[in-house]
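Colleague: I am new to this structure and would like a close look at one part, the salt bridges. Could you walk me through them, and then through whatever surrounds them?

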Amino acid sequence: MSELLHGLAPIVGKRPRTLILGNMPSVMSLSAGQYYGNPRNAFWRITAEVFGFDAAAPYDERVRALVQHRIAVWDVLRSCRRVGSLDSAVEPDSMVPNDFGQFFEEHHEIGLVVFNGAAAEANYRRLVGVDTSPPSVRLPSTSPAHTMAYADKLAAWRAALK
């Protein structure tokens with residue numbers, strides 16, 4: 001049986017307007033204790049281009065830049081069992097979602113949920129539902145496993161986040 005993994009606390013500041021949701025942090029991200037810790041993941045490069053900060057800055061500075069732009073980051077899953085980092089490797093019966101009811105109650109200014117890829121959207125809709133959620137959009141995954149051209153990923157993210 002695979003190891004039970006626990007996600008990271010959300011990145012959230014005062015009065016976030018947008019919540020970006022991944023599915024579950026990668027092995028590399030979990031060991032670093034940082035969202036999108038795989039240097040091949042395009043998340044920080046894309047958000048840096050959209051919001052005008054240095055993608056190579058220390059993690060705390062990148063987090064601060066997102067918070068200043070009223071962006072929150074979290075994952076759909078609080079815990080799961082998975083071998084490796086691929087979303088397809090998550091054992092479906094092991095998925096436990098984060099508490100979005102409480103999160104949206106505490107952060108009622110959130111007007112948009114952005115799913116970082118299809119797995120995040122599918123698992124959110126299956127495990128959490130949409131009754132009390134803000135409007136949402138699914139964007140191309142920033143994962144290196146999603147082999148879409150970087151320019152196309154950037155264009156989609158820029159259009160949704162601006």
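Modeller: Happy to. By salt bridge I mean a side-chain nitrogen of Lys or Arg within 4 Å of a carboxyl oxygen of Asp or Glu. Please keep in mind that this is a predicted model, in which local features need pLDDT of at least 70 and side-chain atom pairs count only at pLDDT 80 or more, while totals for chains, interfaces and linings use all residues. Residues are numbered from 1 along each chain as its sequence is written, and side-chain values use heavy atoms, with hydrogens and water left out.

Both Arg125 and Glu121 belong to helix H5, where they sit four residues apart, about one turn of the helix. Helices (H or I, at least four residues) and strands (E, at least two) are DSSP runs, numbered from the N terminus. An α-helix has 3.6 residues a turn, so residues three or four places apart point the same way.

Glu121 has another partner: its side chain also meets that of Arg138 in a salt bridge, at 3.2 Å from N to O. Because Glu121 lies in helix H5 and Arg138 in strand E7 (residues 136-139), this pair ties together parts that are 17 residues apart in sequence. Taken together, Glu121, Arg125 and Arg138 are linked in a network of salt bridges.

How covered are these three? Here buried means under 20% relative accessible area, exposed over 50%, and partly exposed in between, with a 1.4 Å probe and protein chains only. At 17% relative accessibility, Glu121 counts as buried. Arg125 is partly exposed at 35%, and Arg138 is partly exposed at 47%.

The count of salt bridges comes to three. Elsewhere, Glu49 forms a salt bridge with Arg158, their closest N and O atoms being 3.9 Å apart. Glu49 lies in helix H2 and Arg158 in helix H6, so the pair ties together parts that are 109 residues apart in sequence. Glu49 is partly exposed, at 38% relative accessibility, and Arg158 is partly exposed too, at 33%.

H2 (residues 43-51) is mostly covered, with seven of its nine residues buried. Those seven are Phe43, Trp44, Ile46, Thr47, Ala48, Val50 and Phe51. Their cover includes strand E2 (18-22), helix H3 (59-68), strand E3 (71-75), strand E6 (112-116) and helix H6 (150-161). After H2 comes Gly52, whose phi is positive, near 75°.

Helix H3, part of that cover, holds Tyr59. With a relative accessible area of 13%, Tyr59 is buried. Contact means heavy atoms within 4.5 Å. Leaving aside neighbours within four places in sequence, Tyr59 is in contact with Ile11, Gln34, Tyr35 and Trp44.

Of its 14 lining residues, the closest to its centre are Asn38, Pro39, Asn41, Trp44 and Arg62. H2 and H3 each supply at least two residues of that lining, which divides into seven nonpolar, four polar and three charged residues. For these classes, Ala, Val, Leu, Ile, Met, Phe, Trp, Tyr, Cys and Pro count as nonpolar, Asp, Glu, Lys and Arg as charged, and the others, Gly among them, as polar. On a 1 Å grid over the protein atoms alone, a pocket is an open set of points where a 1.4 Å probe fits, with protein on both sides within 12 Å along at least five of seven lines; lining residues have an atom within 4 Å of a point. Grid points are joined across faces, edges and corners, and a volume is the space filled by probe spheres set on the points.

The largest pocket, about 530 Å³ in volume, brings us back to where we began. Of the 27 residues that line it, the closest to its centre are Asn41, Ser85, Asp87, Ser141 and Ser143. Helix H1 (27-32) and helix H5 (118-127) each supply at least two residues of this lining. By class, the lining has 10 nonpolar, 15 polar and two charged residues.
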